[in-house]
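Here is a short report on one protein chain. Look at the sequence and the model first, then read on.

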Amino acid sequence: MFNWVPGGLHKCSYCLSKALKFFPISCKPLINPPLIFTLQFVISSSSSSSPPAMAEMACSAADLHHLLGGSANATAVAEYICSRFESVSTKFVDTTYAVDNTYLLFSAYLVFAMQLGFAMLCAGSVRAKNTMNIMLTNVLDAATGGIFYYVFGFALAFGTPSNSFIGHHYFGLSQFPSSSFDYGFFLFQWAFAIAAAGITSGSIAERTQFVAYLIYSSVLTGLVYPIVSHWFWSSDGWGSAARSDKLLFGSGVIDFAGSGVVHMVGGIAGLWGALIEGPRIGRFDHAGRSVALRGHSGTLVVLGTFLLWFGWYGFNPGSFLNILKAYGHTAAPYYGQWSAIGRTAVTTTLAGCTAALTTLFGKRLLVGHWNVTDVCNGLLGGFAAITSGCAVVDPWAAIVCGFFAAWVLIGFNKLAEKLKYDDPLEAAQLHGGCGAWGILFTGLFAKQAYVNEIYPGLPERPYGMLMGGGGWLLAAHLVQILSIVGWVSVTMGIVFWLLHKFELLRIKAEAEMAGMDLTSHGGLAYVYNDEEKF
């Protein structure tokens, strides 16, 4: 029996030739041309990219009997042929599952490797006296997030069937795996959750008590982030583009890999933490002028940036979740999900490269020198922005995205100085600001053909406004921005305010001046004594 399998193999004559190798030589003379034609029809009918009229095609001995010349043992031969084809079909189905799950697991490993990038970037961006502290917080973001996402987070995000606000199945991965999810999907989503927590840690670096990191990371990965991901990524979420009915403004939100779900959530949470804590000692002088507290290692900043760049090829292309899927273009059978994944990697690359170059020359014009840290942050801002629409825009549009993302970051950094807001890694400006721009960009530039490939099922789904698709997708994305800002502000704002109220948020002034490595972690990260220099 040949079942239609999403992402199955579609080379009909190839399948037939492979299957015929299973037959003994003595049987092959009985397989006459009409029989071969019939088998080719059966295979081709059941291997299209969309379900055929009959989802299952049977290889019936009765149907093949008269094609075998009516010999005495024709029934036995026909049954033998069918059993061989059923074995081949099962192998193809197994191969599809294996390839798709391997692709998803590999993508999860790449996204998890971004934690190393976050750690290096954070370490290089803070002063040497706080290196061990920021490194430890990055480790604990992953460890704490792993436990809380396992116990609560995944169920709240993807626990179907559920309501449109919150999931309520699979707590502690009970009843797992299922027909909907396997373990690789959990690992992939956990890597996204801890990425959001890592963003927040950068905003409150160099002045936050260790217990505060544990508390905020647990709440963010176990409650706040999962509910947002349920809204926009679960098939039950009120804003999800994957809903089967009652789509928001007829389109839902196309936040493909998380400019809003991941980057805005982490950035807005960091914004509230840094606002409630206040700036680091010495960040602004008595006259209110900005004083640069530079990170101690440009080398670590560049290393972390390249590691994050590498991991983004799991973050964005990996969000397809599978690769072995054809789109059914008869004129271009070589074009399928594998092509869309390649295009997504290209748009991701172009947006980051454009943002880096724009930041390089923009900062040169504004401040008069070339700054490697600014360029690295600009590059990451381009990546954060393209993450929403990476799969549904053309490469030329990604260049537009990266260009404006760089100026969004520069503008928000200027605003932060005016408001005396201190974020050592520019995390709120980069992930929150550029993430919001990326959501708007998708509402403007999403291409109809790509939207229909990735979100099939609706004949008239809205797409980018500047591409002729009307304003409904952009309206849905404006709702997403407002809902994320509101939800994260209420939840994480309360968390940070309570930590501040109970004196669990900021360290003492003396400890901040001496450095957290010395006062909280038993010694400096480096062998030389440099606390007086920094």
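Helices (H or I, at least four residues) and strands (E, at least two) are DSSP runs, numbered from the N terminus. Ala-142 lies in one of them, helix H5 (residues 131–158). This is a predicted model, where local features need pLDDT of at least 70, side-chain atom pairs count only at pLDDT 80 or more, and totals for chains, interfaces and linings use all residues. Residues are numbered from 1 along each chain as its sequence is written, and side-chain values use heavy atoms, with hydrogens and water left out.

Is Ala-142 buried or exposed? Its relative accessibility is 13%, so Ala-142 counts as buried. Buried means under 20% relative accessible area, exposed over 50%, and partly exposed in between (1.4 Å probe, protein chains only). Leaving aside neighbours within four places in sequence, Ala-142 is in contact (heavy atoms within 4.5 Å) with Phe-112, Trp-190 and Ile-194.

Now the chain as a whole.

| Item | Value |
|---|---|
| Helices and strands in the chain | 17 helices, two strands |
| Buried share of the 534 residues | 55% |
| Share of contacts with a separation of 6 or more that join residues 24 or more positions apart | 75% |

Next comes a helix pair. Asn-377, Leu-380 and Gly-381 are among the residues of H11 that meet H13, where Leu-430, His-431 and Cys-434 are among the partners.
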